[in-house]
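Please look at the structure below.

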Amino acid sequence: MSDTTQGEGFDADHPGRPGGREREAVVVGGGLAGITAALALADAGVRVTLLEGRPRLGGLAFSFQRGDLTVDNGQHVYLRCCTAYRWFLDRVDGAGLAPLQDRLDVPVLDLAKRVGSRLGRLRRDALPVPLHLGRSLATYPHLSLAERAKVGRAALALKALDLADPALDTEDFGSWLTRHGQSARAVEALWDLVGVATLNAVAGDASLGLAAMVFKTGLLSDPGAADIGWARVPLGELHDLRARKALDSAGVRTELRTRATSISQHENGRWRVQVPGETLHADAVVLAVPQREAHDLLPEGALDAPERLLEIGTAPILNIHVVYDRKVLGKPFFAALGTPVQWVFDRTEASGLGEGQYLALSQSAAHKEIDAPVSELRERYLPELERLLPAARGAEVRDFFVTRERTATFAPTPGVGRLRPGARTKAPGLCLAGAWTATGWPATMESAVRSGVSAAGAALSALGRPRDHLFELFEEAA
């Protein structure tokens, strides 16, 4: 086993004394949070080593091969208001590969309606908030006229909430909606249509604080805030290959298949990170791993109540993949009502499929189905797709498979806000990152990137390094 000290100018008699050598950091975890922290630290002149236990970067937003197909583990989208993730795309030279809609437009099919009147749309006009959604709401066929009027009043009440009020985290969104006149149908056809996909929970299980943040930021802040973007290439192209290239260019040492087994602090204040066969020394460490793993690696005293990390629950996402012998969907995506199907995306081009069509179904808050056998899911979902897409009724299914993320996100339950720690710990130079930390956002790619920026800022502060470039990141993407 080697005992490795990175950097030159190290004072052997006083190993904690900087002595003019460059500052060093170790980032543990190569998901979006860890990649962001590593890039932000490297951009500030810190020498960075990034450790990732998997053979790839990207965390829970990745791709894999299935025969000739390149498959994303799940469908991931972002919004125009996700300025941090947009910065990330620019930083890895991938913005052109994950473009945004020119204007929000979501087709919504309702199987409960008669044929010919099933299609509705949620789209915006080029008008100021809240008028930008006025025409769409007024003509949305999946709600009654009275329900549409009440939705408008609830939206204005939501806009008036103060996101800094900690009391919002103690109430569930469903109860708030009921108090503000929202029917079960309105919750299903509008609030949960958006909320389940962004929060990974139905309204009754979601913190009002997180739900209010999603709707205020995405729908009630700027006319274009909710315009949707998604990768037209495999996620691995963005979050692994291009991210690795950006890290290499920034001078980051990236070690895959390398897990940290312990983290401890020298008496001189420097940090020791143990990995199999090597000990790394650094002035700062960023833990960018899931909350349970972070709990196990945290040295004693780093947090006042580390057990709170174990109280942060998780929520699953189920992804169903269907390859047809012909084209059955003419839109890039749609959302569905009156069926177990939630959102359907066309992944044909991104996957490299030469003929036919490949559809991916994204099923959030999938607690009841996450462990269902593939045969059962096939029997349930293929008929639903045929009901939604008439062209699928005569098509041959060439492949049907499932990907399961049992701990896809943290559970956004009421009270979770008090459990989410900030980037700083009580141990100087040890910082936390991850979508589960206190970013103010639910567990999204945006939250992950924001956490990485926050952790890098905390680390730079501990190192006495300027952080000015971090404050410009979100403005650059806006």
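Is Arg398 buried, partly exposed or exposed? Arg398 has a relative accessible area of 42%, so Arg398 is partly exposed. Here buried means under 20% relative accessible area, exposed means over 50%, and partly exposed lies in between (1.4 Å probe, protein chains only).

This is a predicted model, in which local features need pLDDT of at least 70 and side-chain atom pairs count only at pLDDT 80 or more, while totals for chains, interfaces and linings use all residues. Residues are numbered from 1 along each chain as its sequence is written, and side-chain values use heavy atoms, with hydrogens and water left out.

**Salt bridges**

Side chains of opposite charge can pair when their charged atoms come close. A salt bridge is a side-chain nitrogen of Lys or Arg within 4 Å of a carboxyl oxygen of Asp or Glu. A search of the whole structure finds 29 of them. The table lists some.

| Salt bridge | N to O distance |
|---|---|
| Glu22 and Arg47 | 3.7 Å |
| Arg23 and Asp283 | 3.6 Å |
| Glu355 and Arg398 | 3.1 Å |

Take Glu355 and Arg398, whose side chains meet in a salt bridge. This pair links distant parts of the chain, 43 residues apart. Glu355 lies in the loop between α11 (348–351) and β18 (357–364), and Arg398 lies in strand β19 (residues 397–410). Helices (H or I, at least four residues) and strands (E, at least two) are DSSP runs, numbered from the N terminus. Glu355 counts as exposed, at 53% relative accessibility.

Now take Arg23 and Asp283, which also meet in a salt bridge. They sit 260 residues apart: Arg23 in the loop between β1 and β2, Asp283 in the loop between β13 (278–282) and β14 (284–287). Arg23 is partly exposed at 22%. Asp283 is buried at 8%.

**Aromatic rings**

A pair of aromatic rings is described by the distance of the centres and the angle of the planes. Rings of Phe, Tyr and Trp (its six-membered ring) pair if their centres lie within 6.5 Å; planes under 30 degrees apart count as stacked, over 60 as edge-to-face and the rest as tilted. The whole structure holds 11 aromatic pairs.

Why is the pair of Phe173 and Trp176 stacked? The ring centres are 6.2 Å apart and the planes lie at 20 degrees, so the pair is stacked. Both residues lie in helix α5 (residues 173–179), 3 residues apart, about one turn of the helix. Phe173 is buried at 1% relative accessibility. Trp176 is buried at 3%.

Phe173 also pairs with Phe215, and that pair is tilted, with 5.6 Å centre to centre and 35 degrees between the planes. Phe215 lies in helix α7 (residues 208–219), 42 residues from Phe173. Phe173, Trp176, Trp191 and Phe215 form one aromatic cluster.

**Two helices in contact**

Two packed helices are described by the angle between their axes and the distance between the axes. The axes of α2 (residues 83–91) and α8 (residues 235–249) come within 9 Å and cross at roughly 60 degrees. Axes are lines fitted to C-alpha atoms, for helices over the stretch in contact, and angles run from 0 to 180 degrees between N-to-C directions. Contact means heavy atoms within 4.5 Å. Helix α2 brings Tyr85, Phe88, Leu89 and Arg91, and helix α8 brings Leu238, His239, Ala243 and Ala246.
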